[in-house]
Amino acid sequence: RRNLVVEGVNLLSLKRMRFSIGEEVVLEGSGSCEPCSKMDAALGDGGFQAMRGHGGITARVVRGGHVRIGDRVRALSLADESEP
C-alpha cells in the first residue's frame, strides 16, 4: 500500500535517482510499484484497471525525517547526492 501520495510529479523519472521531500527527507527510487487487485476493494469495481500505469515507485530511505503535507518533492543533483 502507498505510504505517500503526491501530485504533479512524474515519479517514474525518479526511479533510479535520489530525491528530497521537504527539508529533511532524502529517498532513492528503487523500482516500480504497480497497483494490485486490492484497488478494487479500495476504489470499487474497476479500480485496479483505472490505476494501471499509475502505481508510482518504491524507494529506500537515505536520510529520514518528517514529511509534512505540502512538502516539495525535488530531484537532487549530483552535487546534492554527495550528502548522506
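Let's start with the core. The largest nonpolar core has six residues: Leu-14, Phe-19, Ile-21, Val-25, Leu-27 and Ile-57. Two elements give two or more residues to this core, strand S1 (18–21) and strand S2 (25–32). By nonpolar core I mean a set of buried Ala, Val, Leu, Ile, Met, Phe, Trp, Tyr and Cys residues joined through side-chain atoms within 4.5 Å. Buried means under 20% relative accessible area, exposed means over 50%, and partly exposed is in between, with a 1.4 Å probe and protein chains only. Strands are DSSP runs of E, at least two residues, and helices are runs of H or I, at least four, numbered from the N terminus. In soluble globular proteins, nonpolar side chains tend to be buried together.

A word on the model. This one is predicted, so local features need pLDDT of at least 70, side-chain atom pairs count only at pLDDT 80 or more, and totals for chains, interfaces and linings use all residues. Residues are numbered from 1 along each chain as its sequence is written, and side-chain values use heavy atoms, leaving out hydrogens and water.

What is Ile-21 in contact with, leaving aside its neighbours within four places in sequence? Leu-4, Leu-27, Val-67, Asp-71, Arg-72 and Val-73. Contact here means heavy atoms within 4.5 Å.

Follow Leu-4 outward. Leu-4 sits in the segment before S1. Leu-4 is partly exposed, at 43% relative accessible area. Together with Val-6 and Val-67, Leu-4 forms a nonpolar surface patch with about 220 Å² of accessible area. Patch residues have over 30% relative accessible area and no salt bridge; nonpolar side chains (Val, Leu, Ile, Met, Phe, Trp, Tyr) are joined within 5 Å, like charges within 9 Å. The areas come from the Shrake-Rupley method with a 1.4 Å probe, and for residues only the protein chains shown count as cover.

On to charges. How many salt bridges does a search of the whole structure find? Three. The rule is a side-chain nitrogen of Lys or Arg within 4 Å of a carboxyl oxygen of Asp or Glu.

Bridge one: Arg-18 with Glu-28, 3.2 Å from N to O. That pair links distant parts of the chain, Arg-18 in strand S1 and Glu-28 in strand S2, 10 residues apart. Is Arg-18 buried or exposed? Buried, with a relative accessible area of 14%. Glu-28 is partly exposed, at 23%.

Bridge two: Glu-28 with Arg-60, closest N and O atoms 3.0 Å apart. Glu-28 lies in strand S2 and Arg-60 in strand S3, so this pair ties together parts 32 residues apart in sequence. Arg-60 is partly exposed, at 41%. Shared partners join Arg-18, Glu-28 and Arg-60 into one salt-bridge network.

Bridge three: Glu-24 with Arg-68, closest N and O atoms 3.7 Å apart. Glu-24 is in the loop between S1 and S2, and Arg-68 is in the loop between strand S3 (57–63) and strand S4 (73–75), 44 residues apart. Glu-24 is partly exposed at 29% relative accessibility. Arg-68 is partly exposed too, at 47%.

That's the tour.
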